[in-house]
Amino acid sequence: MKLIFATNNQHKVAELRSVVDRQLHIITLKEAGIDIDIPEPFETLEENAFAKANTIFEMTSTSCFSEDTGLEVLALNGEPGVKSARYGGDNRSFDANIEKLLINLADKPDKTAQFRTVISLIIEGEETQFEGICKGKIIETRKGNNGFGYDPIFIPDGSIKTFAEMDTNEKGQFSHRRKATDKLVAYLNKL
Ligand code: IMP
């Protein structure tokens with residue numbers, strides 16, 4: 001099955017493809033000839049995920065999906081959450097985001113956090129959503145050079161490494177995105 005993945009984030013594309021390459025033919029926006037920065041204006045991952053998928057569905061009338069992900073830190077009442085991409089400022093710098101998070105978390109003993117991914121799939125105009133959660137904790141100093149975003153400061157439960165110290169396959173054994181993607185694939189296999 002062919003599906004457009006409504007994202008410009010090549011890290012997300014690589015992670016998805018490493019999981020579903022045999023079952024699904026994922027087409028990137030670039031490959032579909034679409035050059036837009038899709039806005040994420042809403043207050044929930046669910047609304048943003050739908051908005052991104054729906055923008056592309058309305059443009060192409062082709063089955064597509066998108067995902068929105070947030071890092072939810074318990075001691076910060078779920079922040080940065082849906083604001084994860086722009087937490088440190090509108091230029092979406094991974095470094096500035098991490099810096100701000102570490103400052104805000106410095107005096108909090110509880111470093112518990114989770115990544116939450118919501119995938120929005122649209123087939124023939126009908127939307128279905130899939131959620132994936134990865135629980136873990138934030139560490140105070142960056143470790144590792146792989147991945148993206150908050151990966152250098154997040155250790156998933158069950159590991160002693162940050163996501164940034166893992167390759168894509170190893171991250172996939174724990175990741176929020178992998179869990180949501182597995183649900184997407186199981187759903188598509190039943191159609
Ligand atoms: P969005 O889903 O593109 O809005 O992602 C929001 C932000 O969350 C990204 O800019 C990254 O900073 C962060 N993020 C999303 N997924 C991951 C991940 O798997 N690891 C680390 N950071 C992530």
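Biologist: E124 sits in the loop between strand 5 (112-123) and strand 6 (126-138). What makes a run a strand or a helix here?

Modeller: Both are DSSP runs counted from the N terminus: a helix is H or I over at least four residues, and a strand is E over at least two. Please keep in mind that this is a predicted model, where local features need pLDDT of at least 70 and side-chain atom pairs count only at pLDDT 80 or more, while totals for chains, interfaces and linings use all residues. Residues are numbered from 1 along each chain as its sequence is written, and side-chain values use heavy atoms, without hydrogens and water.

Biologist: Why is E124 called exposed?

Modeller: Its relative accessibility is 74%. Exposed means over 50% relative accessible area, buried under 20%, and partly exposed in between, with a 1.4 Å probe and protein chains only. E124 therefore counts as exposed.

Biologist: What makes the phi of R92 worth a look?

Modeller: R92 is not a glycine, yet its phi is positive, at about 60 degrees. E124 is another non-glycine residue with a positive phi, near 45 degrees. Most residues other than glycine have a negative phi, and most peptide bonds are trans.

Biologist: How do you know whether the bond from E79 to P80 is cis or trans?

Modeller: Omega is near -5 degrees there, and the bond is cis. P80 belongs to strand 4 (residues 80-81).

Biologist: What makes a space a cavity rather than a pocket?

Modeller: On a 1 Å grid over the protein atoms alone, a cavity is a set of points where a 1.4 Å probe fits but cannot get out; a pocket is an open set with protein on both sides within 12 Å along at least five of seven lines. Lining residues have an atom within 4 Å of a point. Points are joined across faces, edges and corners, and the volume is the space filled by probe spheres set on them.

Biologist: How big is the largest cavity, and how big is the largest pocket?

Modeller: The largest cavity has a volume of about 60 Å³, and the largest pocket about 650 Å³. Among the 30 residues lining the pocket, N9, K12, E40, A85 and R92 lie nearest its centre.
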